[in-house]
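Subject: Structure handover

Hello,

Here is the structure I promised to pass on. Please have it open while you read; my notes follow it.

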Amino acid sequence: MKLNIEGLLVYFPYDYIYPEQYSYMLELKRTLDAKGHGVLEMPSGTGKTISLLSLIVAYQRAYPLEVTKLIYCSRTVPEIEKVVEELRKLMEYYSKEAGEKNNFLALALSSRKNLCVHPEIVHANIIVYSYHYLLDPKIADLVSKELAKKSVVVFDEAHNIDNVCIDSMSVNITRRTLDRSQANVETLQSTILKIKETDAAKLKEEYRRLVEGLKEANVARETDIYMSNPVLPDEVLQEAVPGSIRTAEHFVGFMKRFLEYLKARLRIHHVVQESAPQFLKDISEKVCIDRKPLRFCAERLRSLLRTLEIADIADFSAITLISNFATLVSTYSKGFTIIIEPFEDRTPTIANPVLHFSCMDPSIAIKPVFERFQSVIITSGTLSPLDIYPRILDFHPVTTASFTMTLARTCLCPLVVGRGNDQVAMTSKFETREDFAVIRNYGNLLLEMSAIVPDGIVAFFTSYIYMENIVASWYEQGILENVQRNKLIFIETPDAAETSMALEKYQEACENGRGAILLSVARGKVSEGIDFVHHFGRAVIMFGVPYVYTQSRILKARLEYLRDQFQIRENDFLTFDAMRHAAQCVGRAIRGKTDYGLMIFADKRYARADKRGKLPRWIQEHLTDGSLNLTIDETVQLSKHFLRQMAQPFKQDQLGLSLLTLEQLQSEEMLQKIAQIAHQV
Amino acid sequence: MDDQGCPRCKTTKYRNPSLKLMVNVCGHTLCESCVDMLFVRGSGNCVQCDTPLRKSNFRVQLFEDPTVDKEVEIRKKVLKIYNKRDFDFSSLREYNDYLEQVEEIVYNLTNNIEVERTKQIMEAYQRENRDVIQKNKAKLTREQEELEELLLLEQQDNEQRRLETLQEEQRQLQAKRKNKQALLDELERSHVPATILLAQHKDRATQLENQIEKQKQVVKTTIFSTGIPMGQTVLLQPVARIAEVLYSYKPIEINTYGPPVPELEQLGRLGYLNHVRAAQPQDMAGGYTSGLACHRAIQDAFSGLFPPLG
């Protein structure tokens, strides 16, 4: 259908539209008009992708000078493929309706063999790739250098974007890395000696270039610094490599000293935490290495590898990591912390020294994106509470809105189970994890659910260790046996191959007969990527609140930083993180308006206002006061009622309510209702 | 590092993990006991390379590779002499050339290439630039002290902030507890019906919440509005004088393009004040007179009368 959204003609390739899709496109258009950034939360399974694409393509056609490119960033390759499918449909619709041949070019970059498309990127109108190509400074240089300012960037499934930013700027160095780097340095040294005998001209040429301060076309403008440091003045970026690392031998000696220093630092017997400037001070005292040569480390190494014509760059990954670490530690003084642990907390007897250089401020990696591009849209199904993202990513959106699903029949039923039949509170709180009664109550819940829910149930635990403990206890108590009489049980493990096998068999079991139960973990691969549509997921049980491991020092440093910089309380942030994972997990069950599912939150803490308030709006709507703090019996009753209702054939009378034709869309009352769907924050 | 053995007594290092390895100017290692033994016999030559050594030159080995230790020692000594900084040079290129020179010297001394000539070059440089070296040395120590001070201040600030947030949270908890206790006491004692008491209590609780929210929003400022961070040490250099044109006051002229507005003092005589409410004693205490309001109203009226010509 052809829509008119505030004066913009939008081609929408389907005959029916959901009211929330229309509302979403309206908000999106307003954000683009204002040339600002936006945070939009829309439930999954409501056609977010096609709404985004059709509106932005229409905007591009109407104002080709305002929006030159659309950059669509997604998380995984299957998601990128889905986007390309929708785009293809849209383009077919355009050529059918408009009659004219569309000269839009869309590019998808997904794997290594699809990367070398540099000249084509300049002409493409739509580019689809993974987040990392825009956020990770080491990769962004290679791929995203030529992207123009007047582009729209969309981050889809962006609820984890702050973690992606942090990971891209963090480095972990172990003893093994240092040993491998040592081997690399020795290889470099021998190669240099060999080249000096055979073809000394190359080294002399490089030396001359470094003296003149000229830079190679690609090594030039060390864009990993540029993209990460738009605040540095250009003269600093154009500076020549310092004289102390000009010749190849001096540079190799420099790297040797640096490695030795790191080895000495790793030889400690207690935990050390310090900031980047303190680290630099210590380095300059112990081995007389200053900040400036460290900053040029990565660039100098790249130049050297190029001059020596090393064929297999992958062999030198260890030394490249060290040089990246050197560059990062000398460039940033705030927002990073260095933690050196002699052993891991859980295995205090095994000596495993590790240096964690961790970024505490996600805004550092994403700041260049916000400043460089005109409009950046962050969207996902679970972004609540919406005001936290602008704070931790340090940007000012012109729109923050949360959308709900308009449903012809209420197809989700969230319930909070707080007590067992013996009135013992059910919770995954650390103090009660070993409590026999709690574990038995959890087992009881699963048993009752397995008896009444048809087809597949997915259960999420807070961590692998917790899951193993509980399952072991259940086995001893005989609960697993009883459950297996009703359904088969599959379990997710840290091993990828086992998990995909378990997933395959689970899906097979759901197709035939009584179905199965999949036990998995809240931050694992299953919760991040797999959808459980229709009979694959009729109920999702969240056992406990999925907090991260709160004793980790890196996490503590990050919380302190957030408290000092952004005035976000530690408790608030931990709860926000736990709830977004919980919402992500339960959101796996609903992937469309004809799909239905039970969402069971099995922890008494979910009934509290501070946790409930952090669930996305489209779940909170259906969480009434009567569904809080239930016992297992009451839960079973409500679930039976819900499932029986849902099992009735769906009379497809969505039309007019949650599915609209063009005429219905344009009626006055519908437009009014649509205006109420978006909830501005 | 622990699997290195002393080159002389080899076994002793494994047997006694607390034994330290020492390094000297020739770059070879020896364990502590071997060092003592070497100088008991009076001879002071290195076991591996036979260079004459002094006992005081032995330092505890910090790095796994003893050549790195040697290099760091040499570098520290060289940098004491070659301590020019980037502002001593007129261009970046010169500074980089100077740095390269220093590297060459260190490299030669470490790898025993042309040691004599290098030492001569160093001495010549030292003689020529004696005063520059002195000045830079003094500057360096001063800078280091300043840096230490800054770090100390920062640490103190952090500590203070942490304590403050802790205290704040304690206070909030106590306030909440007091509120609850007050409610219970009131329910016991007072004769007002319970529903009213509960409503009052709820009111107070929400007020408390709002207060807490507001306090959370108060951001501790760390910089003045001009951009100077608080707590920064003041530079004692004189500020450059900027000569500018002084401002002189010129009273504004309002053109009403019509009849002129009467002066404030004339209003009473012209009879305008008869149509205005007389000022009460309370008003006059604050400085209000009826003439002010009247004058204002007249100005408004007159300025809208005629449009400007042309």
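Which residues does Phe155(A) touch, not counting residues up to four places away in sequence? They are Cys73(A), Tyr131(A), Leu134(A), Leu135(A), Ile161(A), Ile366(A), Val369(A), Val376(A), Ile377(A), Ile378(A) and Thr379(A). Contact here means heavy atoms within 4.5 Å.

First, the ground rules. This is a predicted model, in which local features need pLDDT of at least 70 and side-chain atom pairs count only at pLDDT 80 or more, while totals for chains, interfaces and linings use all residues. Residues are numbered from 1 along each chain as its sequence is written, chains are lettered from A and ligands numbered from 1 in the order in which they are written, and side-chain values use heavy atoms, with hydrogens and water left out.

**Cores**

Phe155(A) belongs to the largest nonpolar core, which has 101 residues. Together with Leu262(A) and Phe325(A), Phe155(A) touches the most other members. A nonpolar core is a set of buried Ala, Val, Leu, Ile, Met, Phe, Trp, Tyr and Cys residues joined through side-chain atoms within 4.5 Å. Buried means under 20% relative accessible area, exposed over 50%, and partly exposed in between (1.4 Å probe, protein chains only). Helix H12 (residues 248-265) of chain A gives the largest share of this core, nine residues. Another core lies apart from it, with 77 residues, among them Met579(A), Ala583(A), Trp618(A) and Leu643(A).

**Helices of chain A**

Helices (H or I, at least four residues) and strands (E, at least two) are DSSP runs, numbered from the N terminus.

Helix H16 (residues 317-331) of chain A has 15 residues. It reaches 21 Å from its first C-alpha to its last, close to the 21 Å expected. The expected span is 1.5 Å times one less than the number of residues. H16(A) is mostly covered, with twelve of its 15 residues buried. Phe325(A) is one of the buried residues in H16(A).

Helix H9 (residues 200-212) of chain A has 13 residues and reaches 19 Å, close to the 18 Å expected. Its buried residues are Leu203(A), Glu206(A), Arg209(A), Leu210(A) and Val211(A). They pack against helix H8 (175-198), H12 and helix H15 (297-307) of chain A, together with helix H4 (92-110) of chain B.

Two single residues are worth a look. Thr575(A) sits in helix H25 (residues 570-586) of chain A. It is buried, at a relative accessible area of 2%. Leaving aside neighbours within four places in sequence, Thr575(A) contacts Tyr547(A), Asp610(A), Lys611(A) and Lys614(A). Val483(A) is in helix H21 (residues 479-486) of chain A. Val483(A) is buried too, at 0% relative accessibility. Its C-alpha is 5.3 Å from that of Leu447(A), 36 residues apart along the chain.

**Rings and charges**

The whole structure holds 32 aromatic pairs over all chains. Rings of Phe, Tyr and Trp (its six-membered ring) pair if their centres lie within 6.5 Å; planes under 30 degrees apart count as stacked, over 60 as edge-to-face and the rest as tilted. Trp474(A) and Phe543(A) form an edge-to-face pair, 6.0 Å centre to centre with 70° between the planes. Trp474(A) lies in helix H20 (residues 464-477) and Phe543(A) in strand E18 (residues 539-543), both of chain A, so the pair ties together parts that are 69 residues apart in sequence. Both Trp474(A) and Phe543(A) are buried. Ring pairs also link Phe258(A), Tyr261(A), Phe279(A), Phe325(A), Tyr332(A), Phe336(A) and Phe357(A) into a cluster.

The charged end of Arg433(A) sits over the ring of Tyr466(A), 4.4 Å from its centre. A charge sits over a ring if NZ of Lys or CZ of Arg is within 6 Å of the ring centre and within 35 degrees of the ring normal. Lys593(A) lies over the face of Tyr18(A), at 3.9 Å from the ring centre.

**Backbone**

The peptide bond from Ser384(A) to Pro385(A) is cis, with omega near -10°. Pro385(A) is in the loop between strand E12 (375-380) and helix H18 (388-393) of chain A.

**Chain B**

Chain B has ten helices and three strands. Buried residues make up 23% of its 310 residues.

Best wishes
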